[in-house]
Amino acid sequence: MRILVTGGTGYIGSHTVVELINNGYDVVVIDNFSNSKPIVLDKLKEITGKEIKFYEMDLCDSEKLREVFKKEDIDAVIHFAGYKAVGESVSKPLMYYRNNIDSTLSLLEVMSEFNIKKIVFSSSATVYGDPEKLPIKEDAKLSTTNPYGSTKLYIEGILKDLYVSDNTWSIAILRYFNPVGAHKSGLIGEDPNGIPNNLMPYIVKVANKELPSLNIFGNDYDTSDGTGVRDYIHITDLANGHIKAIDYVINNVGIDCYNLGTGTGYSVLEMVNAFKKTNKVEVPYNIVGRRDGDIAACYADPNYAYEKLGFKAEYGLDEMVESAFNYAIKNSKK
Ligand code: WQD
């Protein structure tokens, strides 16, 4: 079975490529390196022992995309490619709508032309907005508070309409909670350009003395210690969730959404303390005001993904914080 992975040199895409190969799949990767680096391909070869078949291109270029589908005998697609910075999406909404939606429409049109109708789509728990009830189930109310989240919600709608028009499609929509950590080899991991927006890569840079201290955005939320609570999931667990999903879409038709989370929420302070204790490092921090758009708590009910896909996260907090720091040490820019 040959899987086309769009955005396959990115953080989640690259870890999924490793697990696809580990599970006997052939892989073809498309990426334009807008949020990743070519060296990731070398690291993937080092980890898997396989040369990764790769096309540097933009998904919006339908002509080039057709060439790939003509050359490669694709059976199914995992679609990661897209811009993903919440803050940037607020300041550049048109760039986000143009890129994330156009690229997906281009992909779905070319897939249809080649009668390839099996896709796993990279969505996000951000489509739940500020949840009314915790833990969050897949049938929870959907609402978004930023253009990035809206692109994910709109693409979910496009996929649902596509299925209604042609029920021979097989579509799995995966709603990620908070991916963290890195492959056990330390060769691939989360490598954001510039100052990280997300908590874990920021903690890593502070621990690695690339940044002076962490700002904790608010400690007056209605949570155990007042800091924000999230459902952090190890990146390798997340990657394996995609293997379960691609196995399912290859052998079935239909459309469904699945939470990929652990079902356990940890606060910012719990993450900081776990990181310090496990890695035996200091992480200086200051408590500052809340970040616009942040919610108090968000964590998954993971049971549907287990019941239908057989997916269950296995890695705990220690492996998450240890693997994140291990990657940073091995790839330090200091
Ligand atoms: C986690 C917690 C912050 C940074 C975002 C996107 C979401 C998804 C995952 C793509 C919160 C606190 C953070 C810092 C802090 N991305 N924090 N200081 O906001 O839950 O989700 O990334 O799909 O779409 O919205 O993740 O890591 O930014 O924040 O105190 O420097 O850490 O307030 O409580 P978030 P995050």
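**Legends to close-up views of the predicted model**

View 1. K71 is placed in helix 3; helices (H or I, at least four residues) and strands (E, at least two) are DSSP runs, numbered from the N terminus. The model is predicted: local features need pLDDT of at least 70, side-chain atom pairs count only at pLDDT 80 or more, and totals for chains, interfaces and linings use all residues. Residues are numbered from 1 along each chain as its sequence is written, and side-chain values use heavy atoms, with hydrogens and water left out. K71 has a relative accessible area of 62% and is therefore exposed (buried means under 20% relative accessible area, exposed over 50%, partly exposed in between; 1.4 Å probe, protein chains only). Between the C-alpha atoms of K71 and V283 the separation is 50 Å, and the two residues are 212 apart along the chain.

**View 2. The aromatic pair F69 and F114.** Rings of Phe, Tyr and Trp (its six-membered ring) are paired if their centres lie within 6.5 Å; planes under 30 degrees apart count as stacked, over 60 as edge-to-face and the rest as tilted. Seven aromatic pairs are counted by this rule. The pair of F69 and F114 is tilted because the ring planes stand at 40°, with the centres 5.6 Å apart. This pair links distant parts of the chain, 45 residues apart: F69 belongs to helix 3 (residues 62-71), and F114 to the loop between helix 5 (93-113) and strand 5 (118-124). F69 is buried, with a relative accessible area of 3%, whereas F114, at 28%, is partly exposed.

**View 3. A charge over the ring of Y221.** The charged end of R290 sits over the ring of Y221, at 4.0 Å from the ring centre. The criterion is that NZ of Lys or CZ of Arg is within 6 Å of the ring centre and within 35 degrees of the ring normal.

**View 4. The shell around the ligand.** Around the ligand there are 18 residues, of which Y148, L199, N215, R230 and D294 come nearest; a residue is near a molecule if one of its heavy atoms lies within 4 Å of it. Strand 8 (residues 214-217) gives the most to this shell, with four residues. By class, the shell holds eight nonpolar, seven polar and three charged residues (Ala, Val, Leu, Ile, Met, Phe, Trp, Tyr, Cys and Pro count as nonpolar, Asp, Glu, Lys and Arg as charged, and the others, Gly among them, as polar).

**View 5. N178, N198 and F217 at the ligand.** An N or O atom in the side chain of N178 is 3.0 Å from an oxygen atom of the ligand, and the side chain of N198 likewise has an N or O atom 3.0 Å from a ligand oxygen atom. For F217, a backbone N or O atom lies 2.9 Å from an oxygen atom of the ligand. On its own the ligand has 680 Å² of accessible area, and the protein covers 88% of this (Shrake-Rupley method with a 1.4 Å probe).

View 6. The L134 to P135 peptide bond is cis, with omega near -5°, and P135 lies in the loop between strand 5 and helix 6 (147-165). F33, although not a glycine, has a positive phi of about 60°. F33 is in the loop between strand 2 (26-31) and helix 2 (39-48) and counts as buried at 16% relative accessibility. K209 is not a glycine either, yet has a positive phi of about 60°. K209 is in the loop between helix 7 (199-207) and strand 8 and counts as exposed at 66% relative accessibility.

Terms used:
Polar contact = N/O pair within 3.5 Å; in protein donor to acceptor, adjacent residues only side chain to side chain.
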